[in-house]
Structure formats: structure tokens, C-alpha cells
Amino acid sequence: MAIHWSQDPHPHPLLNDWLFEPGSLTARLKQLSQQQFAVEPLAEGWLDIRDDEAQALAVTPDTPTWVREVFLRGHGTPWVFARSLATKASLESSGFPLDQLGTRPLGEVLSLHEAFVRGQMQICSYPAAWLPEPFNQHNAWARRSCFSKDSLQVLVCEVFLPPLWAFQKQTVPKA
Ligand SMILES: C=C(O[C@@H]1C=C(C(=O)O)C=C[C@H]1O)C(=O)O
């Protein structure tokens with residue numbers, strides 16, 4: 001399945017505001033949920049990566065890679081599906097604990113190391129088939145970027161799920 005990642009902004013301002021949020025998504029979701037926030041690991045392991053992911057890391061698709069898929073939940077509801085990955089070789093040489101995070105947000109660990117540089121943000125309409133149930137009925141807007149530090153590259157993809165937009169709608173900004 002082909003996927004097109006673009007650096008161009010999305011025409012819809014609300015979508016663009018989230019898709020190109022420069023800061024930590026964890027921090028923003030914690031604020032939006034008034035700290036009623038949690039990370040739920042869904043799948044983790046030495047899993048196959050997709051052609052577009054291998055291309056982003058400049059490796060072949062059969063390269064041993066740790067993949068971490070989670071829901072970021074606000075008030076107990078999945079708001080974001082995130083898929084983060086890094087090659088085995090780069091994890092072993094850096095000691096970065098991508099495979100030991102559990103329910104600890106990746107963003108918190110990345111922020112501990114100031115040396116991480118976040119690459120260009122790209123967006124796409126993420127294929128429904130790549131989303132976990134019950135969100136695998138429709139495509140959803142996603143962003144991805146690569147956090148780099150020395151030889152380590154952590155590719156982070158975040159897909160914004162319909163319940164986040166529903167919550168946004170019901171949360172009228174304070175005057
Ligand atoms: C990179 C961040 O970490 C978040 C937490 C993730 C996790 O715990 O797996 C994955 C993607 C991010 O939304 C962030 O907060 O900006």
C-alpha cells in the first residue's frame with residue numbers, strides 16, 4: 001500500500017494546529033485532558049516495518065527494528081494512535097530504552113536527552129487498514145517525524161483519532 005507523506009500544511013486550521021504542533025504531543029494532551037492522560041501499549045517487539053518507514057530510516061525493510069504501538073488516552077478514551085520505531089543496531093549502540101518504556105510516554109524520555117533533534121514534520125492520510133480496531137474503518141490524519149541523536153533515529157508517527165476531534169468540539173475555549 002502506497003502512502004504519501006507531505007511537508008505541506010493541511011488546509012484546515014484546526015487540523016494544521018495539531019498536525020504541526022512543534023512541542024510534545026504528550027504535554028499538549030495532558031493539558032487538554034487536565035492530566036487525565038495515559039499511555040496504553042498495544043503492540044511492541046521486533047516487528048516488520050513498512051517500506052515508507054524503512055525509507056525514512058534509510059534502511060532495508062528486513063532490518064531488525066523495535067516497533068512500539070500505543071494509544072494515547074485522554075479521560076480514558078483513545079485520542080491518538082502512535083507507532084514509534086528504531087533499528088536494533090541503533091538501540092544497542094545508544095542504549096535508548098525504547099523497548100522498556102511500558103506506560104511511560106516516549107516524549108518524556110526523549111526530553112531527558114536535550115541532544116535529540118526533531119526532523120521535519122510530515123503529514124498524511126493514514127490508511128485505515130494500519131489502524132487498530134475500532135478505528136480501522138476510516139483513514140485518519142497523521143504526522144511523523146524523526147528524533148535523531150548521534151547514530152540513533154527514532155521515527156515517531158502519531159495518528160489523530162476521531163474521539164480527539166469530538167472532545168475538541170465539546171471543549172469550548174474559555175473566553
Ligand atoms: C514523542 C512523544 O511521545 C509520545 C508518546 C509516545 C509513546 O509513549 O509511545 C509516542 C508518541 C508520542 O505522541 C511526544 O510526547 O511528543
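A polar contact is a pair of N or O atoms within 3.5 Å; within protein, one atom must be able to donate a hydrogen and the other to accept it, and residues adjacent in sequence count only if both atoms are side-chain atoms. The model is predicted, with local features needing pLDDT of at least 70 and side-chain atom pairs pLDDT 80 or more, while totals for chains, interfaces and linings use all residues. Residues are numbered from 1 along each chain as its sequence is written, and side-chain values use heavy atoms, with hydrogens and water left out.

View 1. An N or O atom in the side chain of Glu 158 lies 2.6 Å from an oxygen atom of the ligand.

**View 2. The shell around the ligand.** There are 16 residues around the ligand, each with a heavy atom within 4 Å of it. Thr 26, Arg 68, Leu 106, Gly 107 and Glu 158 come nearest. The shell comprises nine nonpolar, four polar and three charged residues (Ala, Val, Leu, Ile, Met, Phe, Trp, Tyr, Cys and Pro count as nonpolar, Asp, Glu, Lys and Arg as charged, the others, Gly among them, as polar). At least two shell residues come from each of α2 (25-32), β2 (65-74), β3 (77-87), α5 (106-112) and β7 (152-160). These elements are DSSP runs, helices being H or I of at least four residues and strands E of at least two, numbered from the N terminus.

View 3. A pocket is an open set of points on a 1 Å grid over the protein atoms alone, where a 1.4 Å probe fits, with protein on both sides within 12 Å along at least five of seven lines; lining residues have an atom within 4 Å of a point. The ligand sits in the largest pocket, meaning that more than half of its atoms lie within 2 Å of the grid points.

**View 4. Two backbone features in loops.** Glu 133 and Pro 134 are joined by a cis peptide bond, with omega about 0°. Pro 134 is in the loop between β5 (122-126) and β6 (140-149).
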